[in-house]
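Thank you all for coming; I would like to take a few minutes to walk through one model. Please have a look at it first, and then I will go through its features one by one.

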Amino acid sequence: MTAPTDNLRINGERLWDSLMEMAKIGPGVRGGNNRQTLTDADAEGRALFQSWCEAAGMTMGVDRMGTMFATRPGTDPDALPVYVGSHLDTQPTGGKFDGVLGVLGALELVRTLNDLGVRTKHPIVVTNWANEEGARFAPAMLASGVFAGQLTLDYAYGRKDPEGKTYGEELKRIGWLGDEEVGARKMHAYFEYHIEQGPILEAEQKSIGVVTHCQGLWWLEVTLTGKEAHTGSTPMAMRVNAGLAMARIIERVQAIAMENQPGAVGGVGQVYFSPNSRNVLPGKVVFTIDIRSPDREKLDGMRAVIEAEAPLIAAELGVGCSIEPVGHFDPVTFDPALVGRVRSAAERLGYSHMDIISGAGHDACWAAKVAPATMVMCPCVDGLSHNEDEAITPEWAAAGADVLLHAVLETAEIVG
């Protein structure tokens with residue numbers, strides 16, 4: 001027998017329109033977005049999101065990290081809320097959907113419940129976590145890390161962007177410093193909807209990714225100190241070339257990741273040269289190594305090898321080397337009961353699906369430290385993300401939001 005709720009669907013057109021409206025704020029250079037955390041564009045996106053939440057009858061709370069919590073009341077005042085969300089901040093050359101789909105998908109969930117007059121025992125809280133990306137202020141998932149007690153508020157406030165501006169100063173400047181104690185809220189469960197950021201779902205022709213685990217990661221910031229010198233007039237044998245040391249270390253990172261196959265990745269995506277002149281060998285190079293694996297032993301082993309070998313590689317060239325961990329979380333196993341609800345929702349709705357391990361980090365990784373948590377994923381074209389060409393289809397967006405709706409409703413408990 002079909003339950004009355006089995007036919008519930010979100011409004012896919014409304015969800016897509018909201019995604020496109022948010023994408024107008026902080027436009028990129030070729031169709032994506034540059035809405036980095038705690039910028040004026042971020043403040044504008046937050047204000048739009050708040051207006052939508054209030055129009056949907058929700059009340060807004062903001063904590064001291066700038067995370068936004070929009071609450072739809074439940075019928076039981078003593079029932080802990082079900083949290084659903086992701087992030088609105090983007091990479092410097094980000095797409096329209098990374099993070100944003102999860103926040104606006106959660107908002108659409110509430111709008112759909114309002115349209116249908118559906119009430120739940122547990123409140124539902126739509127969440128916009130601050131500084132998930134970590135592009136401006138490392139590490140990533142900063143606000144959710146403080147929420148979960150893994151990072152301190154003072155540490156977070158002191159994080160600096162490349163211009164030396166601190167997180168605490170910028171949070172005040174844009175007017176989104178809340179008064180709630182970070183982490184004081186208690187969760188019944190946490191759901192996050194996200195694009196895959198990889199090619200597996202599209203290649204396997206699956207509409208839904210049932211996320212069972214999330215890879216752990218280490219971000220290792222390497223500082224190499226050489227000697228600034230003219231590139232044309234300094235003999236090759238007399239150079240103290242920090243750039244060459246970086247190149248050799250990056251090559252070794254590649255080899256270490258390959259030596260740990262399957263289930264390991266490593267690379268470098270951020271580099272700062274000083275003085276960054278065409279004809280001057282760098283006196284200082286700062287870059288971040290990103291290594292990931294769902295296997296904690298493998299992950300920590302890769303870190304140990306890099307930290308042992310990188311200084312030796314630099315020393316061979318007379319270059320100084322220091323390494324500072326600037327981001328970390330252990331591999332995460334998501335709550336089996338919630339994972340089962342996502343899987344059964346996809347089956348009931350007739351969407352093709354598969355179990356998947358998230359290759360990227362998400363706020364759900366920290367939320368899983370304090371409450372049962374899981375994720376839903378939809379495909380993205382060619383697996384492309386952190387890129388302005390990031391793309392999904394309206395049908396993919398709606399399918400994942402439908403699954404999210406049903407899994408959340410089962411957890412929040414429909415009344416009547």
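This is a predicted model: local features need pLDDT of at least 70, side-chain atom pairs count only at pLDDT 80 or more; totals for chains, interfaces and linings use all residues.

Residues are numbered from 1 along each chain as its sequence is written, and side-chain values use heavy atoms, with hydrogens and water left out.

Let me begin with the second largest pocket, which holds about 170 Å³ of space. On a 1 Å grid over the protein atoms alone, a pocket is an open set of points where a 1.4 Å probe fits, with protein on both sides within 12 Å along at least five of seven lines, and lining residues have an atom within 4 Å of a point. The grid points are joined across faces, edges and corners, and the volume is the space filled by probe spheres set on them. Thirteen is written here as 13 residues in the lining, of which P139, L151, G327, H328 and W366 are the closest to the centre. By class, the lining has ten nonpolar, three polar and no charged residues, where nonpolar is Ala, Val, Leu, Ile, Met, Phe, Trp, Tyr, Cys and Pro, charged is Asp, Glu, Lys and Arg, and polar is the others, Gly among them. Strands β8 (216–225) and β13 (320–329) each supply at least two lining residues, and β13 gives the most, with four; strands (E, at least two residues) and helices (H or I, at least four) are DSSP runs, numbered from the N terminus.

M141 has a positive phi, near 50 degrees, in a residue other than glycine, and at 3% relative accessibility M141 counts as buried, buried meaning under 20% relative accessible area with a 1.4 Å probe and protein chains only. Another cis peptide bond runs from S274 to P275, with omega near 10 degrees, and P275 is in the loop between β10 (265–274) and β11 (280–281).

Now to helix α10, residues 336–349, whose 14 residues reach 20 Å from first C-alpha to last, close to the 20 Å expected at 1.5 Å a residue, the expected span being 1.5 Å times one less than the number of residues. Which residues of α10 are buried? They are L338, V339, V342, A345, A346 and L349. Seen down the axis of α10, these buried residues fall within an arc of 125 degrees, so they line one face of the helix; the arc is that of the directions from the helix axis to the C-beta atoms. They pack against β6 (189–195), β7 (208–214), β15 (353–358), β16 (373–378) and α12 (394–412), contact meaning heavy atoms within 4.5 Å.

Helix α3, by comparison, spans residues 100–116, and 14 of its 17 residues are buried, so α3 is largely enclosed by the rest of the structure. After α3 comes G117, whose phi is positive, near 65 degrees.

Key: Buried means under 20% relative accessible area, exposed over 50%, partly exposed in between (1.4 Å probe, protein chains only).
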